[in-house]
Amino acid sequence: MKIHALFLILLLACLYPSLAQGTYENCCLSYVKKLKKSIQRRTKSYRIQEMDGGCNISAIVFRLRKSRTFCGDPKQQWVKDLMKNIRHETVSY
Amino acid sequence: MGSHPDFDYDDHFNDSSYDEHYENYEDFHTVCDKKDVRSFAALFLPVVYTLALVVGLAGNSMVVFVYLSRKRLRTLTDVFILNLAFADLLLLFTLPFWAADAINGWEIGVAACKITSAFYTTNFSCSMLLLACISVDRYRALKQRSASALSLARGNPRRQRLLLCLLVWAVACVLGLPDLVLATVKQHSGGRKACRAVYPVTMAQGAKASLEFLEVLLSFLLPFVVMLFCYCQVGRALSQAATSGVRGVQRWKTFRVLIAVVGVFLLTQLPYSVVKFVRALDTIYALVKDCKTSKGLDRANQVTESLALMHCCLNPVLYIFVGSSFKDHMIKLAKRCGQTGRRLRQGSEMPVPVEVSLKLREHPTDNAAPESDDEDTSTFTI
């Protein structure tokens with residue numbers, strides 16, 4: 001009976017899916033609170049970081065020159081406003 | 001276009017304040033570039049995986065060869081060990097793909113990604129499952145002599161072994177299913193293609209975290225607790241057998257095998273599970289905001305996962321080569337243990353929990369008594 005239970009628990013409880021390999025993506029880890037107007041004007045494009053398993057937070061990644069980047073909180077108004085004015089990178093690079 | 005001159009002027013004029021501003025936030029609010037983590041992986045993982053592949057292929061294929069060339073497998077543990085070697089072999093076959101992935105990114109398509117991921121998960125979990133099953137069977141074999149065991153002894157034992165193995169493989173395949181569904185090739189911001197599970201955006205955080213927690217709980221803690229429990233019982237029975245005249249040196253050798261089995265499991269799986277647990281916490285609470293820490297965690301993940309994979313090379317060593325020299329010897333020991341157990345039970349010196357289990361087992365085995373003698377020969381292999 002006891003061993004029955006042991007086998008059963010083992011087999012039933014192991015019904016979990018696994019995450020095989022880690023992929024090590026470039027991710028935003030936190031947000032910039034406010035970006036100066038002058039810098040905002042310099043942003044060229046943005047891409048959307050999704051929380052689909054690769055990164056831990058969702059974010060808007062603004063790209064400046066020299067491939068410098070800033071992470072914006074998609075919930076903040078200034079981020080939404082800025083997104084309207086610049087190019088959305090559909091093909092990530 | 002009208003604002004262009006203004007832009008350029010501003011650009012030029014505010015350079016110093018921009019840089020100042022930028023420096024302040026550099027560590028925390030730019031994208032954390034993990035190029036160096038990936039280049040570490042591109043060097044480290046192929047080396048480790050090649051090593052694992054060579055050692056693992058040699059050991060496990062030898063086990064499969066030896067066991068299949070036998071006319072019949074004597075014990076359930078033998079059957080489990082054969083299956084374990086098979087699962088380890090299949091797991092090892094995915095390693096070249098992961099090594100290539102670490103070097104170049106995933107270039108061989110979505111179908112290959114799905115199949116490789118599912119294979120990896122299925123066989124990794126099957127391996128863990130079988131390790132626990134072996135410990136349960138060894139424990140069962142030891143207890144069997146005093147009260148012949150449960151449903152396994154009922155009916156045709158060969159058919160039941162087959163069924164049990166099919167059950168283990170079926171569960172493992174179910175575990176591989178989510179990978180088959182979710183795994184896909186995704187191009188990420190570095191330009192590389194990666195083969196990973198992509199969750200629906202709305203459920204991603206909760207799903208990923210709960211999966212990682214569950215994985216730690218079930219692929220490490222549960223097998224570990226089961227193994228620890230079963231092998232402690234076996235160990236205790238062995239030390240009781242010492243009183244019935246088993247030599248000290250033999251006993252120590254047997255203990256050594258048990259300690260090695262549990263110890264190696266702990267050494268290889270614990271670090272990976274700890275890292276996984278921390279990563280799961282990080283997924284929920286986004287704890288790591290520092291790029292260096294995040295990279296450190298990624299490296300730790302690579303190293304500990306490689307260590308965890310090494311377990312499948314060590315299985316043949318632990319379960320066959322270390323054990324085989326003690327095999328005959330263990331059978332003798334187990335017989336004595338059984339006699340000791342019987343004697344102890346009659347003398348009501350048996351520890352309480354075991355006694356409870358024996359009583360519980362009395363009921364289903366009553367009607368199975370005739371067949372039980374047949375199973376009696378399957379004693380104890382380490």
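B:Asn60 touches B:Ala85, B:Asp88, B:Leu89, B:Leu92, B:Cys312 and B:Pro316, leaving aside residues up to four places away in sequence; a contact means heavy atoms within 4.5 Å. This is a predicted model, in which local features need pLDDT of at least 70, side-chain atom pairs count only at pLDDT 80 or more, and totals for chains, interfaces and linings use all residues; side-chain values use heavy atoms, with hydrogens and water left out. Residues are numbered from 1 along each chain as its sequence is written, while chains are lettered from A and ligands numbered from 1 in the order in which they are written.

- B:Asn60 belongs to helix H3 of chain B, residues 35-69 (helices are DSSP runs of H or I with at least four residues, strands are runs of E with at least two, and both are numbered from the N terminus).
- With a relative accessible area of 1%, B:Asn60 is buried (buried means under 20% relative accessible area, exposed over 50%, and partly exposed in between, with a 1.4 Å probe and protein chains only).
- B:Asp88 is 28 residues from B:Asn60 along the chain, and their C-alpha atoms are 7.1 Å apart.

**Nonpolar patch on chain B**

- B:Ile115, B:Phe119, B:Val174, B:Leu177, B:Leu180 and B:Val181 form a nonpolar surface patch of about 520 Å².
- Patches are made of residues with over 30% relative accessible area and no salt bridge, where like charges are joined within 9 Å and nonpolar side chains (Val, Leu, Ile, Met, Phe, Trp, Tyr) within 5 Å.
- A salt bridge is a side-chain nitrogen of Lys or Arg within 4 Å of a carboxyl oxygen of Asp or Glu.
- Helices H5 (110-144) and H7 (157-182) of chain B each supply at least two residues of the patch, and H7(B) gives the most, with four.
- B:Val174 lies in helix H7 of chain B and is partly exposed, at 40% relative accessible area.

**Chain A**

- Chain A has three helices and four strands, in the sequence order α-α-β-β-β-α-β.
- Of the 93 residues in chain A, 60% are buried.
- Among contacts in chain A with a separation of 6 or more, 47% join residues 24 or more positions apart.
- The accessible surface of chain A is about 4,300 Å², with 59% belonging to carbon and sulfur atoms (Shrake-Rupley method, 1.4 Å probe; for residues, only the protein chains shown count as cover).

**Confidence in chain A**

- The average pLDDT of chain A is 75, and 72% of the residues score at least 70; pLDDT is the predictor's confidence in each residue, from 0 to 100.
- Residues 11-20 of chain A have a pLDDT below 50, and this stretch has 39 contacts in the model beyond near neighbours in sequence.
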